Amino acid sequence: MKILTCTQQKEADAYTIANNNILSINLMEKAASLIADEISKRWDRSHRIVVFAGAGNNGGDALAVARLLFSKSYPVEIYLFNIKGTISEDCMTNIQRLQQCGFTDYHEISNAFEPPKLTAEDVVVDGLFGSGLNKPLSGGFASVVKYINASNAQVVSIDLPSGLMGEDNSNNLRTNIIRADLTLSIQLPKLAFLFPENEDIVGEWKTLDIGISQEFIAQADTPYIITEASEMSQLIKPRKRFAFKNNFGHALLIAGSSGMAGASILAARACLRSGVGLLTIHTPVCNHDILQTAVPEAMVQNDVHELYFAEPVDLDNYQAIAIGPGIGQEEETALATFDQLADCYIPAVLDADAINILSSHRNYLNRLPRRSILTPHIGELERLIGRCNDSFDRLTKAKELAAYLQCYIVLKGAYSTVITPEGKFYFNPTGNPGMATGGSGDVLTGIILALLAQGHSQENAARLGTFVHGLAGDIACRRTGEISLTASDIIAALPEAWKELCETK
Ligand SMILES: NC(=O)C1=CN([C@@H]2O[C@H](COP(=O)(O)OP(=O)(O)OC[C@H]3O[C@@H](n4cnc5c(N)ncnc54)[C@H](O)[C@@H]3O)[C@@H](O)[C@H]2O)[C@@H](O)CC1
Ligand SMILES: [K+]
């Protein structure tokens, strides 16, 4: 699913009106009827609906919602803020429609505002500003926002919480943005919904299909895409009847150190559960017996060192390599890692300590093999790119790094993001907060390694691996709940996740 900017959303509206034989006012009515349905599904008539409308089309939507709920016998009150004395045409039509249906509890505010008393039983419909917001809210509008936020009322925002910019909020004041419980976004989500710092502002969000031109959306140029299951299932290659293990690649995993055998076990098990033909784990001597016992399907190759990775491996027999889980950050390990990567001609995934080693040896950064995949979480990424002000800033800087290194970055977290060297952002929709637990990242590394070894491109391996990792986490979570979920539970759910994805159309 594409994410359009607010500017593109306006173009999409205009294109739909011009080409799909629909009037602007009818598009608004369609949006309003879906919003009214959503509200009446969640709140019954015992709740007062208090509508705050602006003078633009977001306000027009809100007035139409008010009329539709009034016609369903909800108690409705409207406050329309007409400060400049200019009301959009469709908003004006909706004022007239309200009058025609005998609605009277309507207050138009042009300067002083006597706010209504709001209680926890009230439902506020926030239609002050939508995609037309062109600067952060201030003055009287900021006061209204603060008043609504200070109340206990439930808040439903139309299109996006008023005051929130669709993409970049780095110059915005968080106190001047509506905090919604539910955001009903017109047609597509906004980029800002996917940022952790906006979770409390956006609340639960849902998109409403109002019939915006699919033709426009298909040709719209956007770097922001939410990955879909159907797209990922098409990447899975069916196995031939006469297949043998060499068809699915031989993967090399360099992982583990003294006291960190677990990371290598988790990555190895996840790799084996993701279709790899053969797996060799290169690990220090101290982990040999543990790995042979814990992962009997894998071959174990000893490093020269007893406690940590110290000598690079000949890559001739392998189709892909992953390096990092639990390798530690000894200087000898760092040098071995750089030696290993210097001559690396097979697809590579770098995780955890391999990324930390890069951060502490920045002069080696530009020697990274092109098209490598780095899988940092926010902390690991910021050790590479410096501290970021917010998510938009972080994505912007991560994109610059991906372009500079010509690498793929999988930024882990809610909506894990695959950032390509070409500057595309693929947001992953699967996964849950239970997966924020030690070892979860090692599992992802193992999955991506398996996919690379099987011949998937770096982009597809990163996207598909991230998707199936989250899907397995969701399946596991149904059994364990978020609190008890462990990385091993994610691995245990991988078979079902792969099966489910294979069956997705
Ligand atoms: N036919 C259409 O175009 C449709 C539009 N829809 C709704 O229309 C919305 C967009 O409507 P508009 O383009 O009228 O824009 P808004 O209703 O978001 O904003 C209206 C006006 O607010 C003013 N403004 C912007 N920033 C301000 C600030 N910081 N302080 C004070 N005033 C400010 C601007 O002059 C702008 O024209 C969408 O979010 C959606 O809710 C939907 O009804 C779907 C159909
Ligand atoms: K709004």
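Reply: Happy to. Helix H16 (residues 458-484) and helix H17 (residues 487-503) pack at an angle of about 115°, and their axes are 7 Å apart. Helices here are DSSP runs (H or I, at least four residues) and strands are E runs of at least two, numbered from the N terminus. This is a predicted model, where local features need pLDDT of at least 70 and side-chain atom pairs count only at pLDDT 80 or more, while totals for chains, interfaces and linings use all residues. Residues are numbered from 1 along each chain as its sequence is written, and chains are lettered from A and ligands numbered from 1 in the order in which they are written.

Me: Are H16 and H17 roughly parallel or roughly perpendicular to each other?

Reply: H16 and H17 are roughly perpendicular to each other, a label that covers angles of 65 to 115 degrees.

Me: Which residues of H16 and H17 meet?

Reply: Among them are Val 468, Leu 471 and Ile 475 in H16, and Ile 490, Leu 494 and Trp 498 in H17. Contact is counted when two C-beta atoms, placed from the backbone, lie within 7 Å.

Me: Switching topic: where is Leu 452 found?

Reply: Leu 452 is in helix H15, which covers residues 440-453.

Me: Is Leu 452 buried or exposed?

Reply: Leu 452 counts as buried because it has 27 C-beta neighbours inside 10 Å. Buried takes 20 or more other C-beta atoms within 10 Å, exposed 12 or fewer, and partly exposed is in between.

Me: And what does Leu 452 touch?

Reply: Leaving out residues up to four places away in sequence, Leu 452 touches Ala 320, Pro 347, Val 349 and Ala 461. Leu 452 also sits 7.5 Å from Gln 319, C-alpha to C-alpha, although the two are 133 residues apart in sequence.

Me: Now H11. Which of its residues are buried?

Reply: The buried ones are Thr 333, Ala 334, Ala 336, Thr 337, Gln 340 and Leu 341. They cover an arc of only 165° around the axis, so they lie on the same side of H11; the arc is taken from the directions between the helix axis and the C-beta atoms.

Me: What do those buried residues pack against?

Reply: They pack against strands E9 (250-254), E12 (320-323) and E13 (348-350), and against helix H12 (353-360). The face of H11 turned away from the buried side carries the exposed residues Glu 331 and Ala 342.

Me: Last one: how many helices and strands does the chain have?

Reply: The chain has 17 helices and 17 strands. Of its 505 residues, 50% count as buried.

Methods:
Axes are lines fitted to C-alpha atoms, for helices over the stretch in contact, and angles run from 0 to 180 degrees between N-to-C directions. Angles under 35 degrees count as roughly parallel, over 145 as roughly antiparallel, 65 to 115 as roughly perpendicular and the rest as oblique.
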